[in-house]
Amino acid sequence: MRMVLLGPPGAGKGTQAQRIVSRFGILHLSTGDMLRAAAAAETCIGRKVKRMMASGALVPDQLVIAAIVERISQADAGRGFVLDGFPRTISQAVAFDDLLDTEGLVLDHVVELRADEEVLLDRILTRAREAMESGGAVRADDNRETLKVRLDAYNEQTAPLVEYYRTRDLLRSVDGLQPVDAVTFELFRAIGQG
Ligand code: AP5
C-alpha cells in the first residue's frame, strides 16, 4: 500500500502514520523527521535547513524531492509506505507523480486530516510543555509564533493539494478533531480497511 497523509501542523499525521505502520507493516516516511535527523547530525543539508525549519517556512522543493526519490528507491520501500509531510507543494506532488510513473507504482490513498487552528495550537503547546517537563528536546518550531508561520505555509502552499488529489479521485477526508482511536477507526474505514 502506498499512501499520503495530508493535514496542517499538529493534525495527527505522525500519530496516525504509526497506527498505519503497525497495521500494514509498511514504511513511515516523514520528511520532517528526515530533515530533523539531518539537522541534528549537522550534515551539509542539515545545516542548510535547520534555520528554515525553526522559522516555520518550508524548505526548498528540490531538497525534499531528492530525499524522497532516494528513500523510495531503496529495497525496503517495495513493501509500501505512508508519506507524512510530503508532498507539501504542487511542485512536490508533480515530482512525486513522475517518480511513481517512472517506477511503475500506483498511489492508493490520500487522506486529509482536518482540524481547526485553535485545537492545533493547543496540541503544539501541549507537546512543547510535555517535552520540557520530561527533560526531552522541544521542537524549535513548537511555539505560538512559529505555528502561525507553519499554518500560513500550509494554507498557501499545501492546502491546494486537497483539490489536486480530489480531482484525481484519491482524496478522503477524516475529522482529525476526534480522539486518536476514533480518527484511526474513521481513517481505516475511509481507505476500505475498516
Ligand atoms: P513536520 O515534521 O512534517 O511537521 P508538521 O507538518 O508541522 O506536523 P507535526 O509533526 O507538528 O504534526 P502532525 O500532523 O504530524 O501531528 P502529530 O501526530 O505529531 O515538518 C516540520 C518542518 O519540516 C516544516 O515546517 C518544514 O520546515 C519542513 N518540512 C517537512 N516536510 C517538508 C516538505 N515536504 N517540504 C518542505 N519542507 C518540509 O501530533 C501533534 C500532537 O498532537 C502530538 O503531541 C500528538 O500526541 C497530539 N495528537 C495527535 N492526534 C491527536 C488527537 N486526535 N487528539 C489529541 N491529540 C492528538
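Figure 1. Read along the sequence, the elements of the protein chain come in the order β-α-β-α-α-α-β-α-β-α-α-α-β-α. In total there are 9 helices and 5 strands. The model shown is a predicted one.

**Figure 2. Overall dimensions of the protein chain.** The C-alpha atoms fill a box of roughly 45 × 40 × 30 Å along the principal axes. The radius of gyration of the protein chain is 16 Å, which agrees with the value near 16 Å for a compact globule of 194 residues. Among contacts between residues at least 6 apart in sequence, 74% join residues at least 24 apart.

**Figure 3. Surface and charge of the protein chain.** Of the 194 residues, 42% count as buried. The protein chain exposes about 9900 Å², and carbon and sulfur atoms supply 52% of this area. There are 24 positive and 28 negative side chains, and the centres of these two sets lie 3 Å apart.

Figure 4. Helix 7 covers residues 144-158, and T146 is one of them. Is T146 buried or exposed? T146 counts as buried because its relative accessibility is 10%, and the cut-off for buried is under 20%.

**Figure 5. Close-up of the surroundings of T146.** The side chain of T146 makes a polar contact of 2.8 Å with the side chain of N143. Leaving aside residues up to four places away in sequence, T146 touches A54, S55, G56, A140 and D141.

Methods
Residues numbered from 1 in each chain as written. Predicted model: local features only at pLDDT ≥ 70, side-chain atom pairs only at ≥ 80, totals over all residues. Heavy atoms only, no water. Helix = DSSP H or I, 4+ residues; strand = E, 2+ residues; numbered from the N terminus. Rg over C-alpha atoms; globule rule 2.2 N^0.38 Å. Buried < 20%, exposed > 50% of the residue type's maximum accessible area, 1.4 Å probe, protein only. Contact = heavy atoms within 4.5 Å. Areas by Shrake-Rupley, 256 points an atom, 1.4 Å probe, with all protein chains shown as cover. Lys, Arg positive; Asp, Glu negative; His and termini not counted. Charge placed at Lys NZ, Arg CZ, Asp CG, Glu CD. Polar contact = N/O pair within 3.5 Å; in protein donor to acceptor, adjacent residues only side chain to side chain.
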